[in-house]
Amino acid sequence: MALFELEQHYENEQPEYHAPTFKECAAEDIDLIFFDASEHAETRNVDGNDVVVIFEDSDLRERSAHWEAGAKQNFDTGLYLAHCVLYIKVKDYGPKPKIGKMLVMDAGTDHKRTYTINKCEEEDGVYRMIMERVRQ
């Protein structure tokens, strides 16, 4: 039995190491790897703001139309639907958009496109927007 207890404190004492959780690693990877503009992502203008996004063109589908006088008649609705997926950080975009909202990509350039948002999901601080646009 000791007459007294001795507690020692060292000047350069390091705090005990705690390994990061999987969620912490995944959140860091989203910023450092997934949205790395020099690797996987690109800077685009979305609704007037230059942000880093991942943009995937999915497919192009012919729209239904009727034939009249030897030509397809659907000039008011376009001939094709272009489908795409946009990944954008919640902090860069803002509040979750409503289904049917029009989203403008690359305004002020020769590649300006307007898309309709068909679906928007949010996971781990990233929106996944499924969009379409009508093409002639």
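Which residue forms a salt bridge with K119? The partner is E121, and the closest N and O atoms of the pair are 3.2 Å apart. A salt bridge here is a side-chain nitrogen of Lys or Arg within 4 Å of a carboxyl oxygen of Asp or Glu. K119 is partly exposed, at 40% relative accessible area, and E121 is partly exposed too, at 32%. These words have cut-offs: buried means under 20% relative accessible area, exposed means over 50%, and partly exposed lies in between (1.4 Å probe, protein chains only).

The model is predicted, so local features need pLDDT of at least 70 and side-chain atom pairs count only at pLDDT 80 or more, while totals for chains, interfaces and linings use all residues. Residues are numbered from 1 along each chain as its sequence is written, and side-chain values use heavy atoms, with hydrogens and water left out.

The structure holds six salt bridges in total. One of them joins the side chains of D31 and K89, at 3.3 Å from N to O. This pair links distant parts of the chain, 58 residues apart: D31 belongs to helix α1 (residues 22–34) and K89 to strand β5. Helices (H or I, at least four residues) and strands (E, at least two) are DSSP runs, numbered from the N terminus. D31 is partly exposed, with a relative accessible area of 37%, whereas K89 is buried at 13%.

Another salt bridge is formed by R44 and E42, whose closest N and O atoms are 3.2 Å apart. R44 counts as buried at 15% relative accessibility, and E42 is partly exposed at 33%. Both residues belong to a network of salt bridges that also includes D106.

The nonpolar residues come next. In soluble globular proteins, nonpolar side chains tend to be buried together. A nonpolar core is a set of buried Ala, Val, Leu, Ile, Met, Phe, Trp, Tyr and Cys residues joined through side-chain atoms within 4.5 Å. The largest such core in this model has 16 residues, and those with the most contacts inside it are V46, L86, I88, Y93, L103, M129 and M131. At least two core residues come from each of the strands β2 (49–62), β5 (80–89), β6 (102–105), β7 (113–123) and β8 (126–135). A second, separate core has seven residues, among them I30, F35, V85 and Y87.

Leaving aside residues up to four places away in sequence, M131 touches F55, A82, H83, C84, L86, L103, Y115, T116, I117 and N118. Contact here means heavy atoms within 4.5 Å.
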